Amino acid sequence: FWAVGENEAHLMEGQDASNDAYAAAAGDAALNLWDHCSEHRDSFYQLGPGTDGSAEQEDESNDAMAISSWKCTDVGTVYDGWMAYTLAKAQAVVDAGQWDDAGVFFHTWGSEWNVNFYYIADDIPSILAGWDTFIGSMDDDAPDLTEVCSDHKDGFYTFGTSAAGPGGDEG
């Protein structure tokens, strides 16, 4: 599960409210996740500028998303490279209609995977086609993440139905 909030305190308030609502609705039939999950990790992230021009993401229900996570020693250098070079390359892929959105988010509390790039499209094949265009547009002067980042992992996700904030539509 994931949520977007104004800050960490807002996220924690929302988590408490969600837990209370679940307990009230489920009563004695409430599922104890600890009986079914061997590991659990919470992480909080701060969204950086995306191709939509804001740090807030709209509900993209039923779309697919790829996240490329990195362990980096200098997040500022990654941010500067995104703003000065890579964001324009991602924007071109969005403008061409291959991706719906692309951006970066940085962890504010959580694991060592502190830089995460995301790419959203209608489905995973569309993400991969956009990726080919994105990588193909890079020149020799592209920022080299390996100068300040070590390990890397990718994940692909599809969105399910999500709750919307006040005045929003359920997706």
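The model holds one disulfide, a disulfide being a pair of cysteine sulfur atoms within 2.5 Å. The structure is a predicted model, in which local features need pLDDT of at least 70, side-chain atom pairs count only at pLDDT 80 or more, and totals for chains, interfaces and linings use all residues. Residues are numbered from 1 along each chain as its sequence is written, and side-chain values use heavy atoms, with hydrogens and water left out.

**Exercise 1.** Locate the disulfide and describe its geometry and surroundings.

*Solution.* Step 1: the partners are cysteine 72 and cysteine 149, with sulfur atoms 2.0 Å apart. Step 2: cysteine 72 lies in strand β2 (residues 64–72) and cysteine 149 in strand β5 (residues 149–158), so the pair links distant parts of the chain, 77 residues apart. Strands (E, at least two residues) and helices (H or I, at least four) are DSSP runs, numbered from the N terminus. Step 3: the S-S torsion is about 100°, so the disulfide is right-handed. Step 4: buried means under 20% relative accessible area, exposed over 50%, partly exposed in between (1.4 Å probe, protein chains only). Cysteine 72, at 9%, is buried, and cysteine 149, at 5%, is buried too.

**Exercise 2.** Describe helix α2 from its start to the residue just after it.

*Solution.* Step 1: at the start, a side-chain oxygen of aspartate 74 comes within 3.2 Å of the backbone nitrogen of glycine 76. Step 2: α2 (residues 75–95) has a kink of about 55° centred on threonine 86; the bend at a residue is the angle between axes fitted to the seven residues ending there and the seven starting there. Step 3: the buried residues of α2 include Val78, Trp82, Thr86 and Lys89. Their cover includes β2, β3 (101–109), β4, α3 (124–136) and β5. Step 4: just after α2, glycine 97 has a positive phi of about 85°.

**Exercise 3.** Which residues touch the most other members of the largest nonpolar core?

*Solution.* Step 1: a nonpolar core is a set of buried Ala, Val, Leu, Ile, Met, Phe, Trp, Tyr and Cys residues joined through side-chain atoms within 4.5 Å. Step 2: in the largest, of 22 residues, they are Val78, Trp99, Val115, Phe117, Tyr119 and Ile127. Step 3: α2 gives the most to this core, with six residues. Step 4: a second, separate core of six residues includes Met65, Ile67, Phe105 and Tyr118.

Note on methods. Contact means heavy atoms within 4.5 Å. A polar contact is a pair of N or O atoms within 3.5 Å; within protein, one must be able to donate a hydrogen and the other to accept it, and residues adjacent in sequence count only if both atoms are side-chain atoms.
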